[in-house]
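Colleague: I am new to this one. Please take me through the terms, and show how each value is set against its definition.

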Amino acid sequence: MKYFTAFDSLLEKISRYGLIACLFIILGLAVLAIVLRWLGSSMMWIEPLLRHLVFLSAFLGGSLATSTNVPFN
């Protein structure tokens with residue numbers, strides 16, 4: 001049973017740091033897309049990537065919300 005709790009704790013840490021990284025990447029790419037539009041240029045791959053990162057952050061947030069080690073505030 002000790003291995004399951006250690007594995008669960010590891011998955012929770014991966015989800016937490018992955019969500020934080022995903023949100024910062026979303027923020028940076030969204031700002032980049034806005035600035036590029038102002039300059040009259042754009043990169044076609046940014047917006048689909050942002051959409052997929054939003055889906056990923058929703059799944060990571062859902063896994064953190066159902067975690068047993070997260071305290072209720």
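Modeller: A residue is called buried under 20% relative accessible area, exposed over 50%, and partly exposed in between (1.4 Å probe, protein chains only). By that rule, 21% of the 73 residues of the chain count as buried. This is a predicted model, in which local features need pLDDT of at least 70, side-chain atom pairs count only at pLDDT 80 or more, and totals for chains, interfaces and linings use all residues. Residues are numbered from 1 along each chain as its sequence is written, and side-chain values use heavy atoms, with hydrogens and water left out.

Colleague: What makes up the secondary structure of the chain?

Modeller: The chain has two helices and zero strands. Both kinds of element are DSSP runs, numbered from the N terminus: a helix is H or I over at least four residues, a strand is E over at least two.

Colleague: How do you know what helix 1 should span?

Modeller: The expected span is 1.5 Å times one less than the number of residues. For the 37 residues of helix 1 this gives 54 Å, and its end C-alpha atoms are 54 Å apart, so the two values agree. Helix 2, residues 46-65, passes the same check: its 20 residues should span 28 Å, and its end C-alpha atoms are 28 Å apart.

Colleague: What follows helix 1?

Modeller: Glycine 40 comes after helix 1, and its phi is positive, near 85°.

Colleague: Which residues of helix 2 are buried, and why are they said to line one face?

Modeller: They are Ile46, Leu50, Leu53, Ser57, Leu60 and Leu64. Down the axis of helix 2 these buried residues fall within an arc of 85°, so they line one face. The arc is taken over the directions from the helix axis to the C-beta atoms. The face turned away from the buried side carries the exposed residues His52, Ala58 and Phe59.

Colleague: Why is leucine 64 called buried?

Modeller: Its relative accessible area is 14%, which is under the 20% limit, so leucine 64 counts as buried. Leucine 10, in helix 1, has 46%; that lies between the two limits, so leucine 10 is partly exposed.

Colleague: What do the buried residues of helix 2 pack against?

Modeller: They pack against helix 1, residues 2-38. In turn, what covers the buried residues of helix 1 includes helix 2. Those residues of helix 1 are Glu12, Ser15, Leu19, Cys22, Ile26, Leu29, Ala33 and Leu36. Contact means heavy atoms within 4.5 Å. Cysteine 22, leaving aside neighbours within four places in sequence, is in contact with Leu53, Leu56 and Ser57.

Colleague: What makes a group of residues a nonpolar core?

Modeller: The residues must be buried Ala, Val, Leu, Ile, Met, Phe, Trp, Tyr or Cys, joined through side-chain atoms within 4.5 Å. The largest such core here has eight residues: Cys22, Ile26, Leu29, Ala33, Leu36, Ile46, Leu50 and Leu53. Helix 1 and helix 2 are the elements that give two or more residues to this core, and helix 1 supplies the largest share, five residues.

Colleague: How many salt bridges does the structure hold?

Modeller: There are two. A salt bridge needs a side-chain nitrogen of Lys or Arg within 4 Å of a carboxyl oxygen of Asp or Glu. The side chains of arginine 16 and glutamate 12 meet at 3.1 Å, N to O, so the pair qualifies. These two residues lie in helix 1, four residues apart, about one turn of the helix. Glutamate 12 is buried at 9%, while arginine 16 is partly exposed at 34%.

Colleague: How far apart are the closest N and O atoms of glutamate 47 and arginine 37?

Modeller: They are 2.1 Å apart, which is within 4 Å, so this pair is a salt bridge too. Glutamate 47 lies in helix 2 and arginine 37 in helix 1, so the bridge ties together parts that are ten residues apart in sequence. Glutamate 47 is partly exposed at 38%; arginine 37 is exposed at 53%.

Colleague: What radius of gyration would a compact globule of 73 residues have?

Modeller: It would be near 11 Å, but the chain has 16 Å. The radius is taken over C-alpha atoms, and the globule rule is 2.2 Å times the number of residues to the power 0.38. The C-alpha atoms fill a box of roughly 55 × 25 × 15 Å along the principal axes.
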